[in-house]
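Below is a brief report on selected packing features of one protein chain. Please keep the model open while reading.

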Amino acid sequence: MNALTPLLFPLLAALPQGPDEALATYQLDGKTLPVTRTDVALEMAFHLRRRDRGQQAVEQLVAVAITRKAAEDRKLMPSEADVRAFWNDLQAQLRAAGRRPEDIPAVRNTGEAQWLADLAVQLAQKRVVRQELGLKSDEEVSGDMLNLWLQEQRKQTLVVTDPDLLPAGSAARVGSADIPLIDLGALLLRTAEDEERDRFVKQVVYLAALESTARKDGVQVTAADLDAAVKKHKDDAAKDPRYSGVTYENLLKAEGLSAQSIRDLRVFRGQILLDKLARARCRDEDLAAEIAKDRQSALDRHGPRRRLGLIYLRAIDTPNPLVPRDFAAAEREMATVRERLQKEAFDVVARIASEHNASKQQGGDAGWHRRRSERLPEAILAAAFAQPAGAVSAPVRLPDGVALVKTLDVEPDPDDATLRQRLREGKAKEFQQQIFDACKLTMAKAQPAEGRK
């Protein structure tokens, strides 16, 4: 462990929180509401606490609690001057290595007082270990030394990190003291990249708006709804060939989850709310009438899928060093590729000849698609749905190249009940987007970390 380690693995010290900063605002029920750091921190804590990232953060919180107590008992907590000198040295090392301290999320997302408190715990741990080992004050403490000391301290301290053994609102227990869940969320938020933070901001807004919409429609989640949703997940997993021989409980355990923890997730409850909302607004008779009015359109959007294989060659009107062939040359080359398919397997040829990066390594397998899909060009979908399973199309010209399309597999047409349900699910996704769009989410302008004191 070198001197830069605290920047990469920041610890969280318990400090009084200042005014709750708004990360965004949104519209709901005619009001402009804030999304605060606390809102997002709690959402992250609930959502991530059982995942690897959340568990790592819990371990950091436990390490801080153990270290702070040991340092305070031995009166080894550093002074503010010591911490500032350490921080200045770290900044110099980072800049010498070509990195800017403010580009690190844990620095960018943290006020100065909090960040200095984090470093104080790091320094305190080194002091405690030096004293424990009888080292001089200027002797370096290695990462292995720090880890071994923490391991020994944990053996002597009651530590509980299993959420199922903790009261609501607690992230961990060290000795007789509980670490609040908000501390976990604050650490996760502080170490989050901007993209992750913004994703959770959107999640907070969407779930608040969904719950408000459901209340207006008289829709709520019951215990029976939760039981049915968990059972459906279990049944779906049992039918999925990817999970053959693996129990549903073990699948959940691999994700750090359990049947009960899933029931507690707001995202899981939100999906049930959305499904019930769609069922209330989209009655079977209304869906049947819509299908009867334009059945082909319903089948194109929600009907049988085709599993497609692709072999693709880039082309351009005027060749250049990046795209060395025009369309005529691409079609001639593709004709040769098509001849090879009479003797060689499609997946083998695709791995060698195709320039479609998304499917090349899968032997050209581009996955399952319905007749109307935004993921593939219309010309490719048209070719796939115009031929039986196993057939390979003639060269298909695209705006940026030429492709051969193989229909690898074909789903049968769904019965009317299945088609109605798929149509309802499609409308649920539309409701989801409409609910979110109506919030008119506005992200707050980024504020420098040094401005949050």
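At what angle do helix 10 and helix 13 pack, and how far apart are their axes? The model is predicted. In it, helix 10 (residues 223-239) meets helix 13 (residues 266-281) at an angle of about 100°, and the axes are 11 Å apart. Helix 10 is therefore roughly perpendicular to helix 13. On the helix 10 side, Asp 225, Leu 226, Ala 229, Val 230 and His 233 make the contact. Helix 13 contributes Phe 268, Arg 269, Ile 272 and Lys 276. By class, this contact of helix 10 with helix 13 has five nonpolar, one polar and three charged residues.

Three strands form an open sheet in the order 3-4-5, with antiparallel pairing. Strand 3 (159-160) and strand 5 stand at the edges. Each has a single partner strand, so one side of each is left without a neighbour in the sheet.

Strand 4 (residues 170-174) pairs with strand 5 (residues 177-180) over four bridges, in the antiparallel sense. The two strands form a hairpin with two residues between them. In the turn, Gly 175 has a positive phi of about 65°. Ser 170 stands opposite Pro 180 in strand 5, and Arg 173 stands opposite Asp 178 in strand 5.

Which helices lie on this sheet? Helix 3 (residues 52-73) lies across strand 3, strand 4 and strand 5. Helix 8 (residues 181-190) packs on the sheet too, touching strand 4 and strand 5. The angles are listed here.

| Helix | Reference element | Angle |
|---|---|---|
| Helix 3 (residues 52-73) | Strand 4 | about 40° |
| Helix 8 (residues 181-190) | Strand 5 | about 45° |

**Helix 17**

Which residues of helix 17 (residues 346-353) are buried? They are Phe 346, Val 349, Ala 350 and Ala 353. These residues cover an arc of only 100° around the axis, which puts them on the same side of helix 17.

Definitions and conventions
Residues numbered from 1 in each chain as written. Predicted model: local features only at pLDDT ≥ 70, side-chain atom pairs only at ≥ 80, totals over all residues. Heavy atoms only, no water. Buried < 20%, exposed > 50% of the residue type's maximum accessible area, 1.4 Å probe, protein only. Arc of directions from axis to C-beta. Pairing = 2+ DSSP bridges. Axes fitted to C-alpha atoms, helices over the stretch in contact; angles between N-to-C directions. Parallel < 35°, antiparallel > 145°, perpendicular 65-115°, else oblique. Contact = heavy atoms within 4.5 Å. Nonpolar A, V, L, I, M, F, W, Y, C, P; charged D, E, K, R; others polar.
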